[in-house]
Structures are given as structure tokens and as C-alpha cells.
Amino acid sequence: MSGHSTYQPKTGIEKWLDARLPIVRLGYDSFVDYPTPKNLNYWWTFGGVLSVILAVQILTGIVLAMHYVPHVDHAFASVERIMRDVNYGWMLRYVHSNGASMFFLATYIHIFRGIYYGSYKEPREMIWLLGCVLFFLLIATAFMGYVLPWGQMSFHGAVVITNLLGAIPVVGEGITTWLWGGFAVDNPTLNRFFALHYLLPFIIAGVVILHIWALHVPGNNNPVGILIPQDLQRRDTVPFHPYYTVKDGFAIVVFLIMFAVFVFYNPNALGHADNYIPANPLVTPAHIVPEWYLLPFYAILKAVPDKFLGVVAMFASIGALFVLPWLDTSRVRSLRYRPTAKLLFWLFVVTCLGLGWCGAQLPEDMLFTVAENGDGEPMGLNYLWLSRILTALYFGWFAAQLPLGLFERPLPVPPSISAPVLSHAGGDGGDGGASPPSQRGGFAPRPATAQPETRG
Amino acid sequence: MADTPPTDRKLDDKPLSDGAPSETITGVEAAQHVPTRRDFIHVAAGAAAVGGAAMIAWPLVHQMNPAADTLALASIDVDLSKVVAGQQITVKWRGKPLFVRNRTPVEIQRAQQVRLGELKDPQPDAERVKQGNEQWLILVGSCTHLGCVPTFGTGDYGGWFCPCHGSHYDTSGRIRKGPAPLNLAVPEYEFLSPTSVRVG
């Protein structure tokens, strides 16, 4: 889809600029006349939402840095000064702290959309890999940002997470000392976390550019999940502007309203009260938890009894995303045409939500009790074992992608985006994408995809 | 010099080994990995660039390791006279909490009676205290799992309990149950007098 440019410079200055730095042409080809599948639904708007949130975070972050002091003696007080004395400081900080939550919310939806519609599959593996890199950078940035207010959760969260690396055999201790710049999380740690928290968003912005570049080579995936045939390019696509600038714009406005509800009506709903207690290295909060968006990974860490293997499992849970394009053996992209895979997808979503829930619980607490044993201790399922079951399901979903594509029978896939719609004129008018197109009559499925697609 | 490219090539592409006659050196053979002086220059330049990059990278990496003033953190003296039997005090040492516990005879007895086979990180109680001062247990109060501060006198073994991920330590600070792999660390220390120790 990165075909020839349709940009026509009109004014003299545009022509002058175009011959020297064709930046207007780049923008025009990327965001105005960029051919976009005409059937993208609202799940596709989260890329635009994420760009806006990144801009919001960078903007609010830069101004907050003008008032924040990265020193163990002043950090907590400087944040409180931002909240109480700096003009609009309360709003800027609440936008920034809730912005992190919004960033993850939109990211998770964006990732699940990619999984549901097979956007990670050939020829879009590079977009997916860059997206995984972005997710990892986002986690690192959010973690370091959470340390900066230097409250109790900030401090002990930093202690726990940096100690994770200490689990690595032989070099672990050297790495943690190097990371801390001392024998414990202390002033040098806070200083460098601030420097890196300022740096990483710009790295993220750079990788976002690569992510969009990689997207614009094969073009957008779409809910039908087919590659648009060359001869149907005109019929199956519309220009990005105005069709998707308006659709994305509407989604962004709705998302920002939800964001504003948190910022202005319940700004601490997603935070933890203990982070309003100044950091004290001598006392750990009774129940230490990360922010909500990292709870599923925290649950996986806690589910494994061995320290090193727990850390390995936690990193593997993110690492598994990187290899998903090569685990999945099905050539049908969209889960609309893969009933079994669709069922497993929803199971996977529930598993992730369940892990998030477990991450916030104490491992020994009981989910339910069926009886008491001789010592009067309750017997049943505690959160530790629930986490273990869910961890197995989480990795099981990835493992299931290998055989699934080989054995399942996908439904017939339409030959083009417009085919099911045009052959269905005067029909129910609903989306109907989930029902087998063959049952709608009118068009013949492509012979190549009428049979279950298998490899090998 | 201006009109002698063939001569230049002959000189440059002369094999390092003396065996091959120079007139057989053609572009095709050079591509077949007959090492030439030019290859040598490429390898040498590449090696110098990699070495240079490593020399530039090291200061940028090493600056993150503890600075001289951090390493020079003084040892601390702890006054034991205020710690009554059955209690502990927590002092900050090298940015971490240090537990100084005055154990009761019952606690000492319980620590000494544990069979080593039961332990995850086997170590007799005698190795974790100074002889003649068995009531004084001095430990780095940092859970060996992920560094949280265990709480005093709680857990299934009467020692410490880590609230983060549920590790239980006994009255010798040894790991008994939970995800922590090692016993609570015993720092270097010496008794200056019966009521004073110097840690570090």
C-alpha cells in the first residue's frame, strides 16, 4: 500500500518545499490519502487514542519536571507542593498519573484487538514485534515514573522489582548494585530513574514512528482479516482522511471524556493510599501491590514457588507475545472464521483478568472454603493455587496456538471486504461478520479458503 | 600516480602469503577469500572501531555503579543496653534496615534444636551468632526473596514474617517456609564491649 504518491503541491511554497524536503508529501501520503480498509470497526481506533495519550503524557511530564525535585529528601514534598501550590499543579499531576492508567487500558485493548483479528500474522509480524517492544518500554517507563513520588509504594515497589533481577544466577547481585548505584534503593536510584523516566517516552515516540512505518508497508489489517486483492484496492479501501480521522477523532473524544471523569471526579481511584506516606526503608507496607496494570504479571511471579523461576515466568509471560506470530500456525487471520480459536481467545481474556484479580490478593487467602481439616485450617482454593491454575492457562493459550491452526476447520473466508456486503444487499443490515458467509448465499467463497487451511 | 590504477590494485591486492604469483590476482579470485592487504586493513579498522566503542561504553556503564562516597559508608556502632530480652531494634545501615534482636533463652533453644535436614538453607544457629553472645542476633532486615522488610515476631516460627510474599523465618533468621531462597544475611560485626557492637 505504500504505492505511488498522489500528492500534488499547489502553491509555490509547497512546490519549493516539496523539491527540497517532501515532508508535506509524507504527511499527505501517510494520513490523508492513505488507503484504509473500509470496514475498520471501533476496536481499530485505539492506535489513534494511544498517540494522543503519549502526547498528553509527554506534555504533562515535561511541565511536572519543572517543579519536581529528584532527591530522597525533597521528592515527596515537591510532589505535594505541585499538588497544593503550583498553579494547576494538581490537575497536571492527576492527568499524568491517571494518564498512565489510560495508556495501559488503551494498550491492552489494542493488543487484544491485534490478537482477535490476527493482525500479528504475516505480513505484519514487524508491526507486532515493534508493538511488543513498545509494551515493554511502556512498562519500564510506568514503573520508573511510579517510583518518583517517593511514597511507601514507590519505594518498596522499586525494592521488589529491582530485586527481581537479583534472582539471576551469578551476575544478579552485580546487576542490582549497578542498577541501584549503592547497596539499596536510595538517592542514586531515584536520580537515575528520573533521568530514564524523562528519556524513555522519547524512545517510545521513536519506536511509534517505526511501528506506523511498518504498518504503512502492508497496510491495515481489517475485521475480515484478508489481504485486499490488488484489483479491489479501490473498492475495498477509503482514504484515511476524512473517513478515519473522523472515526478516530470521535473515539478519542469519547475516551478523553472517560479519562476526564477519573481526573476530575475520582483521581485516586486507581492509585494506592500507601503512596501518600513518605518512603520509609525500615517498614514495608503490610500489603505491597503494583499498580493495577501490572497485577497479572505480579500474580504470575507469585504463583511460582522458586524465586528465579518466578522471575523467569514473569518475563516469559511478556516474552511469549514476541513469538506469537510464529506460534500461530493458522493462515486465517480473523477469529470471525475460527470458532474454536475464538472460544479460546475469550478464555484467554478471562484468564488475564483473573490473573489481575489474583495479583491484588494475599496468596494465602481463601477464594472459597469447602471444609476444615483436623487443625481447624480451612480447605479449599486459595489465591495462590488459583494463580497457579491461571498461569498454566495463560501459557497454555500460547502453546495451543501451535496445534490449533493445524487441526481446526475454519469457516469460509470471503474473497474481499465488499463481497459479503454487496452479495447481501437488502439483508439484515447488521454486522453479521461472525456468521459464516457461506450461509448468507450469493457469493462463492474463494476456493483456496473454502477448505480448512493447514500447513505441512 | 594518476594513471596507474592497475598498479595500485596489484600492490593493494597482493596476497599476504608469498606463494601466489601476483599476475594471477584478479577480482574474481579476491572474492574467493584470498586474503589481501586491503582485507587486513578492513579487519584492523573494524577491530579498532569495536575496541573504541567498548572503551567509550565502559565509563558510561560504570558510572552507574556505587560512587566512592557511597562505598565509603561508615560502619555504625549500635548500643545494645536499651534492647531488652525478647525485643529487637531496627537501625539503618547502608540504606537497609538492620535487625538487632535480644533473644530469650526459649528462642535460642528453639533455634538450636532445629535439625539441619529440615532447613532450606542449612546453617546451625552457632554460625549465625558470636560465641558467648548467643542472645544477640544481628541480621540485615531485607527478605532474601525480593527485599521487603520482614515483620518482627510473626510467622509460623516466631522469628520474622515477610508481608510481601509470605516467607517465614525462624528465631535464627533462617528461611523455613515461603519463596525466599536464603537465610537473612548476617553482616560482619564485632563486639566493642558487652553492650556495644560495630557493624560493617
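**Close-up views of a predicted two-chain model**

**View 1. A network of salt bridges in chain B.** Five residues are linked through salt bridges here: Arg115(B), Glu118(B), Asp170(B), Arg174(B) and Arg176(B). The model is predicted. Over all chains, the count of salt bridges comes to 14. Further examples from chain B follow in the next views.

**View 2. Arg198(B) meets Asp77(B).** The two side chains form a salt bridge, at 2.8 Å from N to O. Arg198(B) belongs to strand β10 of chain B, residues 196-199, and Asp77(B) to strand β1 of chain B, residues 76-79. Are the two partners buried or partly exposed? Arg198(B) is partly exposed, at 34% relative accessible area. Asp77(B) is partly exposed too, at 45%.

**View 3. Asp79(B) and Lys82(B).** This pair also forms a salt bridge. The closest N and O atoms are 4.0 Å apart. Asp79(B) is partly exposed, with a relative accessible area of 39%. Lys82(B) is exposed, with a value of 68%.

View 4. Arg103(B) has 2% relative accessibility and counts as buried, because the cut-off for buried is under 20%. Asp125(B) is likewise buried, at 2%.

**View 5. The contact between chain B and chain A.** How many residues does each chain give to the contact? Chain B gives 27 residues and chain A gives 28 residues. Together the chains bury about 2300 Å², and 66% of this area is on carbon and sulfur atoms. On the side of chain B, the residues that lose the most area to chain A are Met64(B), Leu146(B) and His165(B). Together they account for 28% of what that side buries. The count of salt bridges between the two chains is zero. Polar contacts between them come to eight residue pairs, with both residues at pLDDT 80 or more.

**View 6. The side of chain B that touches chain A.** Which elements give two or more residues to this side? They are α4 (68-71), β2 (87-93) and β3 (96-102) of chain B. The largest share, three residues, comes from β2(B). By residue type, this side of chain B divides into 15 nonpolar, nine polar and three charged residues.

**View 7. Helix α8 of chain A and its buried face.** Helix α8(A) covers residues 172-180, and its buried residues are Gly172(A), Thr176(A), Leu179(A) and Trp180(A). Why do these residues line one face of the helix? Seen down the axis of α8(A), the buried residues fall within an arc of 95 degrees, so they line one face. What do they pack against? In chain A, the partners are α7 (152-165) and α9 (187-216). Just after α8(A) comes Gly181(A), which takes a positive phi of about 70 degrees.

Terms used
Residues are numbered from 1 along each chain as its sequence is written. Chains are lettered from A and ligands numbered from 1 in the order in which they are written. Side-chain values use heavy atoms; hydrogens and water are left out. Contact means heavy atoms within 4.5 Å. Buried area is the accessible area (1.4 Å probe) that two parts lose on being put together, summed over both. A polar contact is a pair of N or O atoms within 3.5 Å; within protein, one must be able to donate a hydrogen and the other to accept it, and residues adjacent in sequence count only if both atoms are side-chain atoms. Helices (H or I, at least four residues) and strands (E, at least two) are DSSP runs, numbered from the N terminus. Ala, Val, Leu, Ile, Met, Phe, Trp, Tyr, Cys and Pro count as nonpolar, Asp, Glu, Lys and Arg as charged, and the others, Gly among them, as polar. Buried means under 20% relative accessible area, exposed over 50%, partly exposed in between (1.4 Å probe, protein chains only). The arc is that of the directions from the helix axis to the C-beta atoms.
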